[in-house]
Structures are given as C-alpha cells and as structure tokens.
Amino acid sequence: MSAISKSHSPVYEHAQQVLPGGTFGNTGADLIIREGRGSRVWDEDGNEYVDYLIGSGPMIVGHNHPEVTAAVQAQLQLGTTFFANNRQGVELAQAIIDAVPCAEKVRYASTGSEADAFAMRLVRAYTGRDKILKFEGGYHGYSDYGLMSTTPKKPGNTVHAIPDSAGIPRNVSENMVVAPYNDTAAVESLIREHKGQIAAVFMEPFQRIIPPRPGFLEDMREITRKNDMLLVFDEVVTGFRLGYGGAQEYYGVVPDVCTLGKAIGGGFPLSAIAGRDDIMAMFDRTRSGADRFVPQVGTLSGNPIAAAAGIATLEILKRPESFKTLFATGERLKNGLAERLARSGIEGQVVGVPTLFDVVFAGGEVRNYRDTLRGDAARMAQFNTLLRERGILKGENKYYISLTLTEADIQQTLDAWDDALAAMARG
Ligand SMILES: Cc1ncc(COP(=O)(O)O)c(C=O)c1O
C-alpha cells in the first residue's frame, strides 16, 4: 500500500483549489473516500480499508446495507423532502420512544450539534436558568455554548470555560460551568457555588472513550434531582451503540432529556431531542405558554429519506443477535488490541467499551480529559498512520465497531496491530 501523505487522485488537487485547507474539515485532505460496502471502504487511489471510521459513527450496520438502501430507494420514488409531518418521521419517533428509556416525546433536527443546541435552549426555557454545567473534554457540537472546554490545550482552572474556537463571543463562557468528568465532589461544589442558576448537567454519559466510574451517573442523577436541575445525556454517539437503548440503558441511569444523532439517520442527516413529556412541552406553544415557548424548526427536520434510513437501521439493530454480535466482535478486538499492546512493551492502555474504544499511550488511570493529555499524541498519530498503511481506517481517537465486520476483517486488524506495534517498538 502506498504512503498516505498525499493522494494521487485528481480529486486531491481539485480539493486543494476549492476547499479551505483542501478539506471538508472533518479529516485530512489525504483521505478521499470513493465507495463503501459493508465493513470496507475504498479511496480514490483504489486502496481498500477495513473501516472503523464508519462515517464517524452512523454506519453501524455497515455501508450500503441492502435493507437500508431498499428503504431509501422506496422513499425516493415518493419525494425527498416536504417540510411537513410525514409517516416515516412519525414511525421513527415511535421506534425511538420504544427503545430509549427517557424518551416520551421526540423532536428532530439535522445534526447532533443542532440537537444539542436546541436541548440547551430547552432546559434553559424549562428551568428559567441560564447556566449549564458541562464536563471538560465533553463534546456537544459546534454551537457557541457547545464548543467550550472540549479540547483546551492549556487547561487552567476547569471552572472557567475556555472557547475551543475563535469567533465565539466572550460572554458565552459566563453561562457555561465546567467540571472534571467523573468527579462528583467537584460537581457538588460548583452547584453550591452557582446555587439556583444552573439549568442542567449536560453530559456525554460515556465521555469520548472514557467510561463513567461506577456510581458517577447515579450521583449526577441524584444531585440534579436534589437541586431541581435537569440531567441531559448527549447520546449522539452512544445512542444505539452502547445498547439498543443507548448509554442510559447500558448504565441503567435515566436522564430527563437526551440528544441523538448518527445511527438514527442511517447515514443521512437526522438528529433528535428526546425526553420527558413535560419538558418537551416547551416545544408546544399550547402547553408552554408564549413566554416559555421554544420555537424549533429546520428545513430538513424529520426528512423522510433520513427517517426511512433510520427506521431500517433500527430494525436491524433491534434483532437480538445484532448487539450480541457487535459486543462479541468488539470484545475480541478490544482484548486483542490490549494483549498486543501489553506484549509490545510500549506504555499504554485500551480505554472504552467493546463497541467504542481506543488506545491511550499513557500509564495510570484515565478518568477524565486531563488524564488523556498524558497520552503520547505523537505516538498515537504514528500508530494511526502505520495502521492506515496496513489497510485499517479509523478516526484520530476512536474505533467504531460495525455489525458487518467479518472474520477476515478481524484477522487483518489483529495482524496490522501486531505489525504496527512491532514497527513502533523497533523505534
Ligand atoms: C457526543 C457528540 N455530541 C454531538 C456531536 C455533534 O454531532 P454532529 O457532528 O452531527 O453535529 C458529536 C459529533 O461527533 C458528538 O460526538
């Protein structure tokens, strides 16, 4: 396989001319995917990869799954968007309510970022409070409020929210309170300090690849109840990935509201806010009253093509063997990586759950964002590059497991890990 620093495809040169930095912003300019089928993708240079990027999560049942493709093709004959209620969107809402413990009502948007931004506004409207407590390192999309202290390079005092992007007004950080993940005492102390001002604890229940320590989610549930605050789980990644009912089912802690994205659109742009009926009523002027009403519209919200793809995806995931397979495959790979890493003598550990994990090249416990900063970033980049050269495609910090991984894919991945770690150990 060729080196991957520069694609030889004319698309690469064209992208340099028409895109800032030659990219859409998601990955490096060198990665130009031509096609995906099942567990594999092909780039414009004809290189073939076992795919652990899977569109950054949505393609959990594999690329071009025949059932999803058929559902989309059937809907295409009937039209592509209406800006009105449609049968597919209503049926998908029912499937979400049936699956996700906190979901009594569902509202759609198109991306996870939008769902998170609307959910923040929703909990502010419901409680009449402006502040939101989030965790350092947690990602809640690209809105001004979402993009706070997600990847601070020089984290100072956690309590002070640091914008992750230029162009965010300075006063936005005044309404975001930032705590270290997995630290109940810090959360309690911040809530005391901002008493009566915080609308919600807004969190990834499983933050990036870091699991909650036992009891942490239960603590957040109890503390928010005691302080008349809401608990929001951002399940854009974990929804229909940690289990059919998401992280709230997997860990047995039910929030008041959650956000969903990725898997529920089956590879098309669709996201949702789902939650308790009395909170979701803020989206309904007849129940909220004019003062508390949160208008929520979007040209493509509840798009029927995306909803049809989502329904077909959830139907596949709902089959009892689906999550058994996802977890069995993931377990084998996660353990296989941990064993190989230990054998290599390189300092590091595998962090995560079977369906979503990665290596952190650092010793010691990894409980929060600051612990991940101890990880050797150069080593991580080198490992990812060596794997790409061996036909393994993944994101910077995640292996997303998909349902269509085959025995040959698993074997190729295990061999690539062996080979890449050996190359790294040699220096
Ligand atoms: C936890 C979490 N929330 C929100 C988002 C934003 O979703 P989107 O990229 O669809 O806007 C992401 C994206 O990866 C995410 O990981």
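Residues are numbered from 1 along each chain as its sequence is written, and side-chain values use heavy atoms, with hydrogens and water left out. Because the model is predicted, local features need a pLDDT of at least 70 and side-chain atom pairs count only at pLDDT 80 or more, whereas totals for chains, interfaces and linings use all residues.

The structure holds 21 salt bridges, a salt bridge being a side-chain nitrogen of Lys or Arg within 4 Å of a carboxyl oxygen of Asp or Glu. Side chains of opposite charge can pair when their charged atoms come close. One of these pairs is formed by R40 and D409, with the closest N and O atoms 2.8 Å apart. This pair links distant parts of the chain, since R40 belongs to strand β2 (residues 40–43) and D409 to helix α14 (residues 407–426), 369 residues apart; helices (H or I, at least four residues) and strands (E, at least two) are DSSP runs, numbered from the N terminus. Both R40 and D409 are buried, where buried means under 20% relative accessible area, exposed over 50%, and partly exposed in between (1.4 Å probe, protein chains only).

Another salt bridge joins D277 to R287, the closest N and O atoms lying 2.9 Å apart. D277 is in helix α8 (residues 277–280) and R287 in helix α9 (residues 285–288), so the pair ties together parts that are 10 residues apart in sequence. D277 counts as partly exposed because its relative accessibility is 22%, and R287, with a relative accessible area of 45%, is likewise partly exposed. R276 forms a salt bridge with D278, at 2.8 Å between the closest N and O atoms. R276 is partly exposed at 27% relative accessibility, and D278 is partly exposed with a relative accessible area of 31%. R276 and D278 also belong, with R221 and D256, to a network of salt bridges.

Helix α5 (residues 184–193) has as its buried residues T184, A186, V187, L190 and I191. Seen down the axis of α5, these residues fall within an arc of 160°, so they line one face of the helix; the arc is that of the directions from the helix axis to the C-beta atoms. An α-helix has 3.6 residues a turn, so residues three or four places apart point the same way. The face of α5 turned away from its buried side carries the exposed residues A185, R192 and E193. The cover over the buried residues of α5 includes β5 (131–135), β6 (176–179), β7 (198–203) and α6 (216–226). At the start of α5, a side-chain oxygen of D183 comes to within 3.3 Å of the backbone nitrogen of A185.

N182 is placed in the loop between β6 and α5, where its phi is near 70°, a positive value in a residue other than glycine; N182 is buried, with a relative accessible area of 2%. H194 lies in the loop between α5 and β7 and counts as buried at 13% relative accessibility. Leaving aside neighbours within four places in sequence, H194 is in contact (heavy atoms within 4.5 Å) with K131 and V177.

E204 is found in the loop between β7 and α6 and is buried at 5% relative accessibility. The side chain of E204 reaches the backbone nitrogen of Y139 at 2.9 Å, and a polar contact of 3.1 Å joins the side chains of E204 and R208. A polar contact is a pair of N or O atoms within 3.5 Å; within protein, one must be able to donate a hydrogen and the other to accept it, and residues adjacent in sequence count only if both atoms are side-chain atoms. Not counting residues up to four places away in sequence, E204 touches G137, G138, Y139, H140, Y181 and D234.

Helix α3 (residues 87–99) and helix α10 (residues 304–318) pack at an angle of about 35°, with their axes 8 Å apart; axes are lines fitted to C-alpha atoms, for helices over the stretch in contact, and angles run from 0 to 180 degrees between N-to-C directions. Q88, G89, E91, L92, A95 and I96 in α3 meet P304, A307, A308, G310, I311 and L314 in α10.
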